[in-house]
Amino acid sequence: MLLARRILGDAGEPRFAGKRVERLPVDAASAVRRRLRGRTDAGTDVAVDLERGAYLRHGAVLSDEGDFIVAVERTAEDALVVRLTAASCAARVAAAARIAHAFGNQHVPVEVGPDELRVPITTSREVAMATVAHEAADGVEVSVEPVRLGCTEPLIRSMHAH
């Protein structure tokens, strides 16, 4: 078993060039955990015990074994993809704000892109789609797609008190 205590760098760095890469699959929810255990795509058992605040981004190198490295691979998971297609910027911002607020009230994190929101499905497709239908007007296209969420940073969580 390999024990990873820190992130060594990124798999794309020149110092790792030419080395075999074993990928440790990590979903978006697990990426914020500082401790986890899993198997790479080659079957290597890996225990992760990182410092507080560490984030398991896509490509993070957890171990350098000389001839191979172990790198995080963000797994694709079904997510609601809300494309903001309204003609005006104001309409896109308004739709994004309403939808993000609705999911925030459900304590569901959201990933924000230039023209879309990506929301992990934490209940069911039907409930997630109904949330968007209730909050969005024209200028929004919605689909469920396999997406690698939170590849570079944690998803945005609404921070509010009840």
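**View 1. Alanine 128 sits in helix 2.** This is a predicted model, where local features need pLDDT of at least 70, side-chain atom pairs count only at pLDDT 80 or more, and totals for chains, interfaces and linings use all residues. Residues are numbered from 1 along each chain as its sequence is written, and side-chain values use heavy atoms, with hydrogens and water left out. Helices here are DSSP runs of H or I with at least four residues, strands are runs of E with at least two, and both are numbered from the N terminus. Alanine 128 counts as buried because its relative accessibility is 4% (buried is under 20% relative accessible area, exposed is over 50%, and partly exposed is in between, using a 1.4 Å probe and protein chains only). Leaving aside residues up to four places away in sequence, alanine 128 touches Leu80, Phe103 and Thr123 (contact means heavy atoms within 4.5 Å). Arginine 83 is 45 residues apart from alanine 128 along the chain, and their C-alpha atoms are separated by 14 Å.

View 2. With 11% relative accessibility, threonine 131 counts as buried. Its contacts, not counting residues up to four places away in sequence, are Ala102, Phe103 and Gln106.

View 3. Ala128, Thr131 and Val132 are the buried residues of helix 2. Strand 8 (76–84), helix 1 and strand 11 (140–148) are among what covers the buried residues.

**View 4. Helix 1 crosses helix 2.** The axes of helix 1 (residues 89–105) and helix 2 (residues 125–135) come within 9 Å and cross at roughly 135 degrees (axes are lines fitted to C-alpha atoms, for helices over the stretch in contact, and angles run from 0 to 180 degrees between N-to-C directions). That makes helix 1 oblique to helix 2; angles under 35 degrees count as roughly parallel, over 145 as roughly antiparallel, 65 to 115 as roughly perpendicular, and the rest as oblique. Arg98, Ile99, Ala102 and Phe103 of helix 1 make the contact with Ala128, Thr131, Val132 and Glu135 of helix 2.
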